[in-house]
Structure formats: C-alpha cells, structure tokens
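Here's a quick briefing on a two-chain model. Have a look at it first, then we'll go through it topic by topic.

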Amino acid sequence: MGGNAQTRWWTDARVGYIVIDNPPMNVLSDENRRGIREALDEFRGNGVGAVVLTGAGDRAFCAGADLGEEKHLTDETVGTFLARGEQTFRIIRDYEVPVIGAINGWAMGGGLVLALWCDVRVGSTRARLGAVGVKVGLMASNVQLSRLFPEGRARDMLLTGRTVEAEDAYRLGLLSSVVAPERLMDEATAWARDMAGAPAPTVAAAKRAINLALEPEAAR
Amino acid sequence: MRRVESAGIVVAVIDGPCAGADLERALDADIRVAADSATFSADGVADVAACGRRLARLLGEARAKEIVLGRRTFDAATALRLGIVTRVVPQTAVAETTRALVDTLAALPPLALPAIREAVRAARELAPDAALALEHTHFRRLLATRDHKAAVEAFFERRPAVFTGE
C-alpha cells in the first residue's frame, strides 16, 4: 500500500490497483505520473500478476494535460513536457504484466493516450472518450488510435474530436466491456484475476509480441 | 455518393448504392457517413489492387478479401460494423448530419487538421517510434501557433474561439 498527494495504490490477491486522484478531472501532473511509476515498481516485488489503473470519483478517468500548465510551455520546455508524459506511457507499455484501464468517466486528450497504452480497457456506463486535442489545435493519441483501430475510425475521432460514449466505445472496440459504475472495479478485477492466473512468462511474452507485432522485423 | 469538403477534410456521404468508381472515391475520403439505406459493393472498381490495399489497411486482410474477392453486396449496418463507414443515420437525417459534420470541421483550428491526417497516414507506414517522433514534431509546431493559444484562452473564458490559421 502506498501513495502520494495525487495517487493511491495497493495490492489485493496478486492484483495491483492504482488510482489517479487529482480532483475534479484527474489531470496529469508530475505527482501522479511519478505515483504511477512508483506503484508499478513496488508491485514488481509483490508478485502482482495484473494491474488495474483507474481515476478517483466518477467524473473522469483522466482528462489529460493541465491546460493551465500547458499554456506556459515554451519551445525549450515542450520537449521535457512530452518526454515526461512519454516516460510514464512507455513504462506501462513495457511493464511485464498486463495493465487494465478501468475507465470510470472522461478519458480525453492525454488521458485518452494513457487509456490506450493500457493493454485492455473496461468501462463504466459513464465512460466518455475523446481525442480532443484537435479542438485546441493540437494532436494526441494519433499513433495509438491509428494502430489499434481501423484507420477510418481513428480519422473520424481525431479529425472531429467527437465524444465517444461508453456503448459506442464498446461497439468500436475502444472498450472490452461496459458495466454499471458500481460494478466497474469488480469487472476490472475479474479481468485482472483471469490474466494473473496464467503463467507469468507466457503472459509477458504475449504482451511483448503484440506490442512489437507492427514493428519492422529487425526491431523484434 | 457525394463528397463534400470542409477545411480540407473530405467527407463522403453515401445515401444509395455505392459500387465501382463510387466506392473507390468514397474510400479515398477522410470520413465516411452513410444513410441506413446505403449498400456497398466492390463490383466494377477500376483498380482492384488499389481498392484491395485500401480496404486491407482500413479493415484488415480478412475483411478486404471478403469484400473484393467475395463480391458481396452489403448494407450500411454491416459497413458500420466492419469500419468502412463510421456513422450511419436514417435517410431523412443525412443532410442534417452532413451539415453538422461540415460545420464541426470548419470550426476547428485549421492547421491541426492536415497535420493529423498526415500523422495518421504515417502511423501505418512508419515504425512506432518514428511515427511517435513525427507526432511530437507536429505537436511542437502546433503548440506554437496563435490558434492554439486562442483556443486555450477561449476555453478558460468559456467562449467559442476564433481561428485565423496562424
């Protein structure tokens, strides 16, 4: 069990839980990004077989970057900003055990990126996903959306910034299941236990193989 | 099938039978919207190889072969399920849906749209790290635009933003 000002984490029956806790919209910050990294490090020593990542409350999984912080970015600082986000996303992707995103509300902008780096996403009926970068003249999640989904769907989401509600997200394949809000953690836990029940080296090898499936031959 | 353009983004509107050259032109658009009465078929396409490649990219190999080699006509609901179109509406709502989509695109910051289109294309053509690096290059450039700053200001002031393409 651990935590910092904007992140809480604990383990239960070989499942690790991480909650991004930065109300009201759980925007990304150095604090909660560090929390995610520390939690994953700590789980490694605890025999955790799968991780559930979610947001506190029922409004947002994660609303992405803090626009107030982003406003002050300059040509010099934007590199660090992108690198810090990237570092956390990559740790999730390269983590040996599967990470399940429990999408409890809004996942937009950088929050959608975070959700898409998870291996599987389950959502509550309150889940809402949006590649909203375009609305402020930016882009995010292009690479993940275009590789995970049929290109036409990726274009529609990215070029219009449209909101995809839970049932639609399920139909499109953005979410693997949708349940009532009060059942979300049970649902995510069920997926996590199923995954944790398989031999760890097999799971790690499968995750890695799928991550690299679209890489050029030489990089595998 | 007709194509409408807004902010450089091409929307294909399919409200009847869509085969041959119509299908090729529809697949070439960025966003495809269909009436629930629309039907689709690869019959009569001029460049079968190009159409097959495009469909394989959009839907995966299995679906591409089913459509191009299997020569089936399929309905709008199937097209939506397969991912050929992303929105299906009743015939009577087609005009309104199209207008709303055109308005949405026209109201967005114009520099981001072609950049996103290029990054999506690159995402399939480049190795993931190179694709991500390209996305970040676009991000840095867009972050410095006047339109981005205008959008953030408007967001905090809870009003619609006005974009100039700078």
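A crossing of two helices is called right-handed if the near helix is turned clockwise from the far one by less than a right angle, and left-handed if the turn is anticlockwise. By that rule, α2(B) passes α3(B) in a right-handed crossing. Keep in mind that this is a predicted model.

**Helix pairs**

- Let's stay with α2(B) and α3 (residues 61–68) of chain B: their axes are 7 Å apart, and the two helices pack at an angle of about 140 degrees. That angle makes α2(B) oblique to α3(B), because only angles over 145 degrees count as roughly antiparallel.
- On the α2(B) side, the residues that meet α3(B) are Val48(B), Cys51(B), Gly52(B), Leu55(B), Ala56(B) and Leu59(B). From α3(B) come Glu61(B), Arg63(B), Ala64(B), Ile67(B) and Val68(B). Sorted by class, this contact has 8 nonpolar, 1 polar and 2 charged residues.
- Over in chain A, the axes of α3 (residues 78–94) and α4 (residues 110–117) come within 9 Å and cross at roughly 20 degrees. That makes α3(A) roughly parallel to α4(A), since angles under 35 degrees are put in that class.
- The crossing of α3(A) and α4(A) is right-handed. Gly85(A), Phe89(A), Ile92(A) and Arg93(A) of α3(A) make the contact with Gly110(A), Val113(A), Leu114(A) and Trp117(A) of α4(A).

- Four strands build an open sheet with mixed pairing, in the order β1-β2-β4-β7 (chain B). At its edges are β1 and β7 (87–89) of chain B, each of which pairs on one side only. Direction ignored, neighbouring strands are turned by 25 degrees against each other on average.
- At one end of that order, β1 (residues 2–6) and β2 (residues 9–14) of chain B run antiparallel and are joined by 5 bridges. Ser6(B) stands opposite Ile9(B) in β2(B).
- Which residue takes a positive phi in the hairpin of β1(B) and β2(B)? Ala7(B) does, with a phi near 55 degrees, and the hairpin has 2 residues between its strands.
- At the other end, β4(B) and β7(B) run parallel, with 3 bridges joining them. Here Val33(B) stands opposite Arg87(B) in β7(B).
- A helix covers the strands too: α5(B) lies across β1, β2, β4 and β7 of chain B and runs at about 175 degrees to β2(B).

**The sheet in chain A**

- Chain A has an open sheet of 7 strands with mixed pairing, ordered β1-β2-β3-β4-β6-β8-β11. β1 (2–4) and β11 (177–179) of chain A each have a single partner strand, so one side of each is left without a neighbour in the sheet. On average, neighbouring strands are turned by 20 degrees against each other, direction ignored.
- β1(A) pairs with β2 (residues 7–12) of chain A in the antiparallel sense, over 3 bridges. The bridge partner of Asn4(A) in β2(A) is Thr7(A).

**Domains of chain B**

- Chain B is split into domain 1 (2–106) and domain 2 (109–156). Their C-alpha centres lie 26 Å apart.
- How many residues of each domain are in contact with the other? There are 5 residues of domain 1 in contact with 5 of domain 2. The domain 1 side of this contact divides into 2 nonpolar, 1 polar and 2 charged residues.

**Where the chains touch**

- Between the chains, 41 residues of chain B are in contact with 30 residues of chain A. On the chain B side, the elements that give two or more residues are β4 (31–35), α2 (48–59), α5 (94–107), α6 (112–125), α7 (128–143) and α8 (146–156).
- The largest share of that side comes from α7(B), with 10 residues. By class, the side of chain B that touches chain A has 27 nonpolar, 7 polar and 7 charged residues.

Key. Residues are numbered from 1 along each chain as its sequence is written. Chains are lettered from A and ligands numbered from 1 in the order in which they are written. This is a predicted model: local features need pLDDT of at least 70, side-chain atom pairs count only at pLDDT 80 or more; totals for chains, interfaces and linings use all residues. Two residues are in contact if their C-beta atoms, placed from the backbone, lie within 7 Å. Ala, Val, Leu, Ile, Met, Phe, Trp, Tyr, Cys and Pro count as nonpolar, Asp, Glu, Lys and Arg as charged, and the others, Gly among them, as polar. Two strands pair if DSSP finds at least two bridges between them. Axes are lines fitted to C-alpha atoms, for helices over the stretch in contact, and angles run from 0 to 180 degrees between N-to-C directions. Angles under 35 degrees count as roughly parallel, over 145 as roughly antiparallel, 65 to 115 as roughly perpendicular and the rest as oblique. Domain bounds come from an automatic or database domain assignment.
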